[in-house]
Amino acid sequence: MMSGLRLNLQAIKEPVGFIKALEWLTAIFAFASCGGYSGTSTVTIFCKDGRNETLKFAFSYPFRLSHTLLVKNNTSLCNVTVPETHLVGNSASSSQFFVTVAVLTFFYCMAALVLYLGYMHIYRNSNFVPKMDFMMTVVFAVFWLTCSSAWAKGLQNLKYATGTIGIVATLAVCREEGVACEVTELASMRSLNVSVIFGFLGLILWVCNAWFVYKETRWHTMRYSAHPGQAPRSI
């Protein structure tokens, strides 16, 4: 029985190993661009007497906007006393699901790469391991589909809640006669947009990789088992 570490860098040049390395890198960029985000926006309130009031609010991952204070209690804005006001919305569930899938992907890809690079001789002579790898690949493909879709919707809600339309809907003084509100300095969300792109890129990679991992299983090779010179797999 073949066992023990046998370092073989050739595996990283094969599709199953190369795509796994890309999945590992994609996961890093996905959770870093989302999980490390923080931003600050500025709201300008144009009063009917010609004065301007300014509000600033900061928000960050995991984007529980209902915990983000917009106006302190009994603050006077445009001669109107405004009660304590928080932003409206909560994208925590979608963002945390997205980051969790990315982190799990990071660790699974690391383990898979160690297996490919050091124990490919065991992998290819096993019946169980390639099948388990294929099933995990399908599971992660489904995870990336659901978490990327959910986070894309969560990001859309986040942009609405922190934009001018959302602020006007949240802050009562903005709906007073002669008063106008505008988000004059909007926090850059480029990294969040990038995280969504990496999310769907991860989905594409996992779906593509499923085929190459499937080719390593007995389900694929058994149809060619009658060919001469084909070595059977054993557990």
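Accessible areas here come from the Shrake-Rupley method with a 1.4 Å probe, and for residues only the protein chains shown count as cover. Patches are made of residues with over 30% relative accessible area and no salt bridge, with like charges joined within 9 Å and nonpolar side chains (Val, Leu, Ile, Met, Phe, Trp, Tyr) within 5 Å. On the surface, Phe18, Leu22, Leu25 and Phe29 form a nonpolar patch with about 360 Å² of accessible area together.

The structure is a predicted model, in which local features need pLDDT of at least 70 and side-chain atom pairs count only at pLDDT 80 or more, while totals for chains, interfaces and linings use all residues. Residues are numbered from 1 along each chain as its sequence is written, and side-chain values use heavy atoms, with hydrogens and water left out.

Phe29 belongs to helix H1 (residues 15-35); helices (H or I, at least four residues) and strands (E, at least two) are DSSP runs, numbered from the N terminus. Phe29 is partly exposed because its relative accessible area is 46%, where buried means under 20%, exposed over 50% and partly exposed in between (1.4 Å probe, protein chains only).

Helix H1 also holds Glu23 and Lys20, which are three residues apart and therefore separated by about one helical turn. Glu23 and Lys20 form a salt bridge, with the closest N and O atoms 3.6 Å apart; the term means a side-chain nitrogen of Lys or Arg within 4 Å of a carboxyl oxygen of Asp or Glu. Both Glu23 and Lys20 are buried.

The structure holds five salt bridges. Arg51 takes part in one with Asp49 (2.9 Å, N to O) and in one with Glu53, where the closest N and O atoms are 3.0 Å apart. Arg51 counts as partly exposed at 33% relative accessibility, and Asp49 is partly exposed at 46%. Glu53, at 18%, counts as buried. Elsewhere, salt bridges that share partners join Glu14, Arg124 and Glu216 into one network.

Next come the aromatic rings. A pair of aromatic rings is described by the distance of the centres and the angle of the planes. Rings of Phe, Tyr and Trp (its six-membered ring) pair if their centres lie within 6.5 Å; planes under 30 degrees apart count as stacked, over 60 as edge-to-face and the rest as tilted. There are 19 aromatic pairs in the structure. Phe98 and Trp144 form an edge-to-face pair, 5.9 Å centre to centre with 90° between the planes. This pair links distant parts of the chain, with Phe98 in helix H2 (residues 92-123) and Trp144 in helix H3, 46 residues apart. Phe98 and Trp144 are both buried. One aromatic cluster takes in Phe98 and Trp144 together with Tyr37, Phe57, Phe59, Tyr61, Phe63 and Trp151.

Two threonines complete the tour. Thr146 sits in helix H3 (residues 128-162) and is partly exposed, with a relative accessible area of 37%. A polar atom of the Thr146 side chain lies 2.9 Å from the backbone oxygen of Phe143. Thr85 lies in strand E6 (residues 85-86) and is buried, with a relative accessible area of 11%. Leaving aside neighbours within four places in sequence, Thr85 is in contact (heavy atoms within 4.5 Å) with Thr68, Leu69, Leu70, Val71, Thr170 and Leu171.

Technical notes: A polar contact is a pair of N or O atoms within 3.5 Å; within protein, one must be able to donate a hydrogen and the other to accept it, and residues adjacent in sequence count only if both atoms are side-chain atoms.
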